[in-house]
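This report goes through local features of one protein chain. Please read it with the sequence and the coordinates at hand.

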Amino acid sequence: MAYIPGGTFRMGSDKYYPEEAPVHRVSVDGFWVDRTPVTNRQFREFVEATGYVTFAEIAPDPRDYPGAPAHLLKAGSAVFLPPNHPVDLGDISKWWTFTFGANWRHPYGKGSSIRKLDDHPVVHVAYEDAAAYAAWAGKSLPTEAEWEFAARGGLDGAEYAWGDELTPGGRHMANTWQGQFPHENCAGDGFERTSPVTAFPANGYDVYDMIGNVWEWTTDWYSPRNKGDVSKACCIPKNPRGASESDSYDPGMPEIRIPRKVIKGGSHLCAPNYCRRYRPAARHPEPVDTSTSHLGFRCVVRNLETEVAEDVNSHG
């Protein structure tokens, strides 16, 4: 893990998507964060030690999805399947498919595997799966503020985790999409799908993959807009914890009462022509019962530096 010193920073952005605005000052205490997203190797160790079964490996309960056809209530997860021609970018069903048998062991459905992908981020993990791993590891999932502070790498206000230029000197700094999404993947960064978690440079805090590769869960409930800045420095929010669960429901789908968490960082599917969310300020809602082929997580530990200092002192 890497230690992230506490501090005050400008969270959010006024330049891109409305849910990122307005920019506002936030303060966080110091904490430790995983240097990389949790990998397939690490998640396998958790499953082997506990016998844990992920959300995507369990058939949905019909009581949770009233009216759903019985033949659709099978275990599975959402998989990105690119079309071979331009499509309506307003219809995500053109490239996302709920695939029976897709889970962390079989990221693209039956017949696929994670062989040779030990160092890639684990995917197809719902929120409860990520939280279960964190608890087993003696860690927690990060808040949105902690995650964004760590992603910025000490570059307060910078556009990206590495500065203000997407590809400085023509160098790709993260696993994102090159070409016209979703049908044209030029793979200029060397990867069509996920990549090893240290394939791209670490940021200023020596943390990898905060941007691109896979989206990452945070523990905060989603709200469609940030609170405004405060007028006095003494009132800057410290260690904010986001919205309430009731505020996180999708107002566009009032009949579906599934709460949503904030996910951060963008993924290998973020493209300039569709989703410019390969930035620390970017945020997106994700229902807690949803898992996908481009969503993973990492963990944090709070106040560990105090425990370490006390342990060192107690042993002279």
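Asp209 has a relative accessibility of 5% and therefore counts as buried, the cut-off being under 20%. This is a predicted model, and Asp209 is placed in the loop between α3 and β7. Its phi is positive, about 60 degrees, although Asp209 is not a glycine. Asp209 is also among the residues touched by Glu216, when residues up to four places away in sequence are not counted.

Lys116 is another non-glycine residue with a positive phi, here about 70 degrees. Lys116 sits in the loop between β6 and α2. With a relative accessible area of 71%, Lys116 is exposed.

**Confidence**

The average pLDDT of the protein is 92, and 94% of the residues score at least 70. Over residues 305-316, however, the pLDDT is below 50, and this stretch has three contacts in the model beyond near neighbours in sequence. Where pLDDT is low, the predicted coordinates should not be read in detail.

**Helix α3 and its partners**

Helix α3 covers residues 144-152. Nine of the nine residues of α3 are buried, so the helix is largely enclosed by the rest of the structure. After α3 comes Gly153, with a positive phi near 60 degrees.

Which residue forms a salt bridge with Glu144? The partner is Arg283, with the closest N and O atoms 2.6 Å apart. This pair links distant parts of the chain, since Glu144 belongs to helix α3 and Arg283 to strand β9 (residues 283-287), 139 residues apart. Both Glu144 and Arg283 are buried. Salt bridges with shared partners join Glu144, Glu148, Arg152, Lys264 and Arg283 into one network.

Glu216 lies in strand β7 (residues 215-221) and is buried, with a relative accessible area of 0%. Beyond four places in sequence, the residues in touch with Glu216 include Pro37, Val262, Ile263, Lys264, Leu295 and Phe297.

**Salt bridges**

The count of salt bridges comes to 18. Side chains of opposite charge can pair when their charged atoms come close. Three of these pairs are listed below.

| Pair | N to O distance |
|---|---|
| Asp119 and Arg41 | 2.4 Å |
| Glu144 and Arg283 | 2.6 Å |
| Arg63 and Asp61 | 2.8 Å |

The salt bridge between Asp119 and Arg41 links distant parts of the chain: Asp119 is in the loop between β6 (96-100) and α2 (127-136), Arg41 is in helix α1 (residues 40-50), and 78 residues separate them. Asp119 is partly exposed at 38% relative accessible area, and Arg41 is partly exposed at 35%. In the pair of Arg63 and Asp61, Arg63 is exposed at 71% relative accessibility, whereas Asp61 is partly exposed at 26%.

**Arg260**

Is Arg260 buried or exposed? Arg260 is buried, with a relative accessible area of 10%, and is placed in strand β8 (residues 260-264). A polar atom of the Arg260 side chain lies 2.6 Å from the backbone oxygen of Ser248. Leaving aside neighbours within four places in sequence, Arg260 is in contact with residues including Asp220, Trp221, Tyr222, Tyr249, Asp250, Pro285 and Glu286. Between Arg260 and Arg279, which are 19 residues apart along the chain, the C-alpha separation is 20 Å.

**Cis peptide bonds**

The peptide bond from Ala21 to Pro22 is cis, with omega near -5 degrees; Pro22 is in the loop between β2 (7-11) and β3 (24-28). The bond from Phe181 to Pro182 is also cis, with omega near 0 degrees. Pro182 is in the loop between α3 and β7, and Asp209 is placed in that loop as well.

**Nonpolar surface patch**

Leu72, Phe98 and Phe100 make a nonpolar surface patch of about 270 Å². Of these, Phe98 belongs to strand β6 and is partly exposed, at 45% relative accessibility.

Key. Residues numbered from 1 in each chain as written. Predicted model: local features only at pLDDT ≥ 70, side-chain atom pairs only at ≥ 80, totals over all residues. Heavy atoms only, no water. Salt bridge = Lys/Arg side-chain N within 4 Å of Asp/Glu carboxyl O. Helix = DSSP H or I, 4+ residues; strand = E, 2+ residues; numbered from the N terminus. Buried < 20%, exposed > 50% of the residue type's maximum accessible area, 1.4 Å probe, protein only. pLDDT = per-residue confidence, 0-100. Contact = heavy atoms within 4.5 Å. Patch = residues over 30% accessible without salt bridge, like charges linked within 9 Å, V, L, I, M, F, W, Y side chains within 5 Å. Areas by Shrake-Rupley, 256 points an atom, 1.4 Å probe, with all protein chains shown as cover. Polar contact = N/O pair within 3.5 Å; in protein donor to acceptor, adjacent residues only side chain to side chain.
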